[in-house]
Amino acid sequence: MVIRRIPAGDLALKRGSPYYIDGPDYIRQKLSIRFRFFLGEWFLNQLEGVPYFRDVFVHNPNLDVLTTLFKNIVLDCPGVLSLKSFKLHFDPSTRAASFEFQAMVDGGVIVVAPGDEDFIVDPQRAAA
């Protein structure tokens, strides 16, 4: 179980107290965390994370490699059963990526739209 986080990164509260989530909400939050986890970010295991600086934030990224990379992030998340659809949106001028996918998960379906703040990969945010 994990405590529910609202998109701004703060804790969501019910009656003034944090609360636990499970099911599709839990899996969606875990996916969002995985998308934001940079390779080498965790000092205990430098091999964990997404290779953004090596594969994504480069001059001419290979979109097939990126699609496979991000599909695998979704499919490797515990609780995800299958991927119904997946589309990568990449803006070469800003090098920002967003995603559109539907994943079958334990207890339901997760739908992510291109403007979903939890699933936008932006090099400007990485520098902050």
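The expected span of a helix is 1.5 Å times one less than its number of residues. Helices are DSSP runs of H or I with at least four residues, strands are runs of E with at least two, and both are numbered from the N terminus. Helix α1 (23–35) has 13 residues and reaches 19 Å from its first C-alpha to its last, close to the expected 18 Å.

The structure is a predicted model, in which local features need pLDDT of at least 70 and side-chain atom pairs count only at pLDDT 80 or more, while totals for chains, interfaces and linings use all residues. Residues are numbered from 1 along each chain as its sequence is written, and side-chain values use heavy atoms, with hydrogens and water left out.

## Overall arrangement

The chain has four helices and eight strands. Read from the N terminus, the order of the elements is β-β-β-β-α-α-α-β-β-β-β-α. Of its 128 residues, 31% count as buried, a term for a relative accessible area under 20%, with exposed meaning over 50% and partly exposed the range in between (1.4 Å probe, protein chains only). In α1, the buried residues are Ile-27, Gln-29, Leu-31, Ser-32 and Phe-35.

Strands β5 (residues 80–91) and β6 (residues 96–105) run antiparallel and are joined by ten bridges; two strands pair if DSSP finds at least two bridges between them. One of the bridge partners in β6 is Met-104, which faces Ser-82 in this pairing. The two strands form a hairpin with four residues between them, and Arg-95 in the turn has a positive phi of about 60°.

## Aromatic pairs

A pair of aromatic rings is described by the distance of the centres and the angle of the planes. Rings of Phe, Tyr and Trp (its six-membered ring) pair if their centres lie within 6.5 Å; planes under 30 degrees apart are stacked, those over 60 are edge-to-face, and the rest are tilted.

| Pair | Type | Centre to centre | Angle between planes |
|---|---|---|---|
| Phe-86 and Phe-101 | stacked | 6.0 Å | 20° |
| Phe-101 and Phe-119 | edge-to-face | 5.6 Å | 90° |

Phe-86 lies in β5 and Phe-101 in β6, so their pair ties together parts that are 15 residues apart in sequence. The other pair links Phe-101 in β6 with Phe-119 in the loop between β7 (108–112) and β8 (120–121), 18 residues apart. Phe-101 counts as buried because its relative accessibility is 1%, and Phe-119 is buried at 1% as well. Ring pairs join both into a cluster whose members include Phe-35, Tyr-52, Phe-70 and Phe-99.

## The nonpolar core

In soluble globular proteins, nonpolar side chains tend to be buried together. A nonpolar core is a set of buried Ala, Val, Leu, Ile, Met, Phe, Trp, Tyr and Cys residues joined through side-chain atoms within 4.5 Å. The largest one here has 27 residues, and Leu-31, Phe-35, Tyr-52, Phe-70, Val-80, Phe-99 and Phe-101 have the most contacts inside it. Elements α1, α2 (52–56), α3 (63–75), β5, β6 and β7 each supply at least two of its residues.

Contact means heavy atoms within 4.5 Å. Leaving aside neighbours within four places in sequence, Phe-99 is in contact with residues including Phe-35, Phe-70, Phe-86 and Phe-119.

Leu-75 lies in helix α3 and is partly exposed, with a relative accessible area of 38%. Not counting residues up to four places away in sequence, Leu-75 touches Val-80, Ser-82 and Leu-83.
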